[in-house]
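Me: I've got a new structure to go through with you. Please keep it plain, as I'm still learning.
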Amino acid sequence: MSDYDLVIRGGTVGTATASFPADVAVKDGRIAAVGLGLPAGAREIDATGKFVLPGGIDTHAHVEQVSANGLLNADTFESATTSAAFGGNTTLIAFAAQHRGLDLRKVVDDYAALGRRGALIDYAFHLIVANPDRKTIETDLPALIREGHASIKVFMTYDLIKVDDEPLLDLLLTARQNRALVCVHAENHGMIAWMGKRLVEKGYTAPKYHAISHPRGSEAEAINRLITAAELLDQPIMVFHVSTAEGAAVIRQARGRGLKVFAETCPQYLFMTKDDLDRPGIEGAKWMCSPPTREAADQDALWQALALGDLQTVTSDHAPYRLDETGKLAAGPNPTFKQIANGMPGLETRLPLLFDALVSRGRPEFEGRGLESFVQLTATAPASIYNLPGKGALLPGYDADIAIWDPERTVTISDDLMHDRTGFTPFSGTVVRGWPERVLRRGEEIVADGACKAAPGSGRWLGRRGGWAAEPTGRLVADMDPRRNFGAELL
């Protein structure tokens, strides 16, 4: 009898701090050993010439979710997680989305049933709160956080789901009291609403005008306002999908003052600009997302922010809407940009795009540490920030979530190559070097030889507490410190 169920032999193991030749042994779905000359396993995989890396963790994906306008996106849990697996991912965090008038507890229960039925990889939920009434704030959120849903998503814009400053403070306080991380879509609602109306009134309605309907200043202003609110309560926050140099600079300044501010960006902001929307007819709708893509200078600023650690993760913000009447053309064949669903697919392309940029090409900001940075940004940091024990690293005792990459395989990304249900990828035609050829989830091969081998519903829900990232710093501003506010106990 072998000591190991599986040994992956002869590859280069990549971690967030180093890469080295090693074998990886798996027993009962977990990493049993990492080293040279390990004994034979019951099964073996020859990884000679390959990179053996932790499976990707995508912590921002809209899956089988209804938008504020009542539009169901294109993917089910089965199709989305299949696509994610083919892209080298073994874990994702999706959104249980409350809308106005909905009971948060029922929202989560109904969404959990969809995940149990369809997910092929392991998953957790962020709780979108759009109806911050007393029941939601005082009863449902504390109970759901205790049950393992330890992150809350809030929108500062969009008419039907935005949370204004005062209820945002209520949510931040509830998160602080129950040790949850608050994740925020931060843009100035008034600026966006005003710009959108003015553009449409003047006849500027093509998809390309979406790119300027969200003024770049609206991001930095909202991030600054969010940080000010979070600092008042000493509540950690995560800023989603940072798109501008100014937004990254606000975060850098706050982190430099010792505030617990985390932030992410997405491939669309690293590899695209607003010019991608400037296409004939309605075609530019494929490249519409919010915030919109910006300028080449913003790309450079975001790469630098990742290298400096101001931004800690890169997520897909997978938001799949087909270019037809079920998705982006729900308002008719010639909608204005204000009538087109925002979002683009990205679960399957996130890792190959980043691998190509960081490992194959070698971004200069990362000074020869491309592979380690790739692992850190896409697996290790997400697992740490969102408190996913046993995920994000190839260490003994951790789940055997493994992606075996062929660093020399060159692939042209195309619509037909994708496994989601969107019908297109905005990265079609992009050539990348490096591709995940085998993916294991808890030691079981779920992608191999170009085929999906996992059953729908075999992914596990990951209950989690807030962890270190959600812990307040303990440094109170004067207004909240009883030693300096005349003894008022406000937290």
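Me: Where does Asp234 lie?
Reply: Asp234 lies in the loop between H7 and strand E11 (237-239). Helices (H or I, at least four residues) and strands (E, at least two) are DSSP runs, numbered from the N terminus. This is a predicted model, where local features need pLDDT of at least 70 and side-chain atom pairs count only at pLDDT 80 or more, while totals for chains, interfaces and linings use all residues. Residues are numbered from 1 along each chain as its sequence is written, and side-chain values use heavy atoms, with hydrogens and water left out.

Me: OK. What's its phi, and is Asp234 buried or exposed?
Reply: Asp234 has a positive phi of about 55°, although it is not a glycine. Asp234 counts as buried, at 7% relative accessibility. Buried means under 20% relative accessible area, exposed over 50%, and partly exposed in between (1.4 Å probe, protein chains only).

Me: And what about Arg179, where is that one?
Reply: Arg179 is in the loop between helix H4 (165-178) and strand E10 (181-185). Arg179 isn't a glycine either, but has a positive phi of about 60°. Its relative accessible area is 31%, so Arg179 is partly exposed.

Me: Which residues of H2 are buried?
Reply: Leu104, Val107, Val108, Tyr111, Ala112, Gly115 and Gly118. Seen down the axis of H2, they fall within an arc of 145°, so they line one face of the helix. The arc is that of the directions from the helix axis to the C-beta atoms.

Me: What's on the face turned away from them?
Reply: Exposed residues sit there: Lys106, Arg116 and Arg117.

Me: And what do the buried ones in H2 pack against?
Reply: Helix H1 (77-86), strand E7 (89-97), strand E8 (122-128) and helix H3 (134-146). Contact here means heavy atoms within 4.5 Å.

Me: Which residue caps the N-terminal end of H2?
Reply: Asp103, with a side-chain oxygen 3.1 Å from the backbone nitrogen of Arg105. A polar contact is a pair of N or O atoms within 3.5 Å; within protein, one must be able to donate a hydrogen and the other to accept it, and residues adjacent in sequence count only if both atoms are side-chain atoms.

Me: New topic: how many aromatic pairs are there?
Reply: The structure holds 14. One of them is Phe155 with Tyr158, which is tilted: 5.8 Å centre to centre, 50° between the planes. Rings of Phe, Tyr and Trp (its six-membered ring) pair if their centres lie within 6.5 Å; planes under 30 degrees apart count as stacked, over 60 as edge-to-face and the rest as tilted.

Me: Why is the pair of Trp303 and Phe366 edge-to-face?
Reply: Their planes are at 90°, with ring centres 6.2 Å apart, so the pair is edge-to-face. The pair links distant parts of the chain: Trp303 is in helix H10 (residues 296-308) and Phe366 in the loop between helix H11 (350-361) and helix H12 (370-385), 63 residues apart.

Me: Last one: are Trp303 and Phe366 buried or exposed?
Reply: Trp303 is buried, and Phe366 is buried as well.
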